[in-house]
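Please keep the viewer open as you read.

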Amino acid sequence: MEKIKVTAQARQKAGVRGELSKLRATKQIPAVIYGADKEPVSISIAEKDLIAVQKAGGNVIVEITLPTGAEQAIIKEVQYHVVKDTPIHIDFQRVSMDHAIETIVPVVLTGECAFAKANGAIVDHVLREVTIKCLPGDIPHHIEVDITNVTLEKHISVADIKAPKGVTILGDGDRTVVHALMPKDEAPAPAAAAPAADAAAAQPELSATKGKKEEEGEAKK
């Protein structure tokens with residue numbers, strides 16, 4: 001796993017009203033480092049450093065340099081402004097390089113589904129993330145799933161995924177990751193009533209009317 005180094009500043013006035021706005025105005029993002037049975041530390045990092053970390057991919061190890069020393073961490077969450085969509089806070093979780101951790105990684109489909117190509121089927125990507133457990137240095141950017149042999153009868157479940165070396169995939173092994181579906185047929189348009197059937201249906205009414213007139217004529221005689 002790639003490691004990105006950033007330099008952070010300790011926040012001495014964490015929680016003081018107005019301080020966060022001042023930080024953000026200078027392109028500094030408030031953040032906190034927590035976990036590993038240590039006290040949380042309030043820090044700030046440059047927005048450009050966050051961009052660099054995100055470009056490196058998900059779950060990258062971040063070495064955060066502070067005046068008190070370096071911290072190894074991964075980003076657990078980035079909060080964004082609801083209107084401006086700019087980052088307003090980062091949560092870093094400490095990691096120890098020799099202790100396994102659980103995290104979530106995306107599932108990426110590879111290959112081409114031969115059945116879908118030949119039959120016009122749809123490849124339905126149901127599960128797009130999986131939870132894994134491994135050492136921080138073994139965290140992959142994503143988990144690849146080959147869909148070449150997927151058919152209507154053969155889907156891929158969590159238990160079928162081949163995990164990279166040192167990685168354990170957690171969760172329900174029977175859960176479907178990807179399968180194939182045939183498009184639904186369009187409903188047939190309602191058939192028009194046959195003229196012959198209409199005529200046949202109307203015939204008894206005509207006969208009954210004629211019979212009634214004949215009876216009235218006999219009565220007058």
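Which side chain makes a polar contact with the side chain of Q72?

1. The partner is K3: its side chain and that of Q72 make a polar contact at 3.5 Å. A polar contact is a pair of N or O atoms within 3.5 Å; within protein, one must be able to donate a hydrogen and the other to accept it, and residues adjacent in sequence count only if both atoms are side-chain atoms.

2. A word on the basis: this is a predicted model, in which local features need pLDDT of at least 70 and side-chain atom pairs count only at pLDDT 80 or more, while totals for chains, interfaces and linings use all residues. Residues are numbered from 1 along each chain as its sequence is written, and side-chain values use heavy atoms, with hydrogens and water left out.

3. You will find Q72 in strand β6, residues 69-80 (strands are DSSP runs of E, at least two residues, numbered from the N terminus). Q72 has a relative accessible area of 19%, so it counts as buried (under 20% relative accessible area, with a 1.4 Å probe and protein chains only). Beyond four places in sequence, its contacts (heavy atoms within 4.5 Å) include K3, I61 and Q93.

4. Next, look at S44 in strand β4, residues 38-46. S44 is buried, at 3% relative accessible area. Its side chain joins that of Q28 in a polar contact of 3.4 Å. Leaving out residues up to four places away in sequence, S44 touches A8, L23 and P30, among others.

5. Finally, the cysteines C113 and C134: C113 is buried at 4% relative accessibility, and C134 is buried at 3%. The structure holds zero disulfides (pairs of cysteine sulfur atoms within 2.5 Å).

Technical notes
Helix = DSSP H or I, 4+ residues; strand = E, 2+ residues; numbered from the N terminus. Buried < 20%, exposed > 50% of the residue type's maximum accessible area, 1.4 Å probe, protein only.
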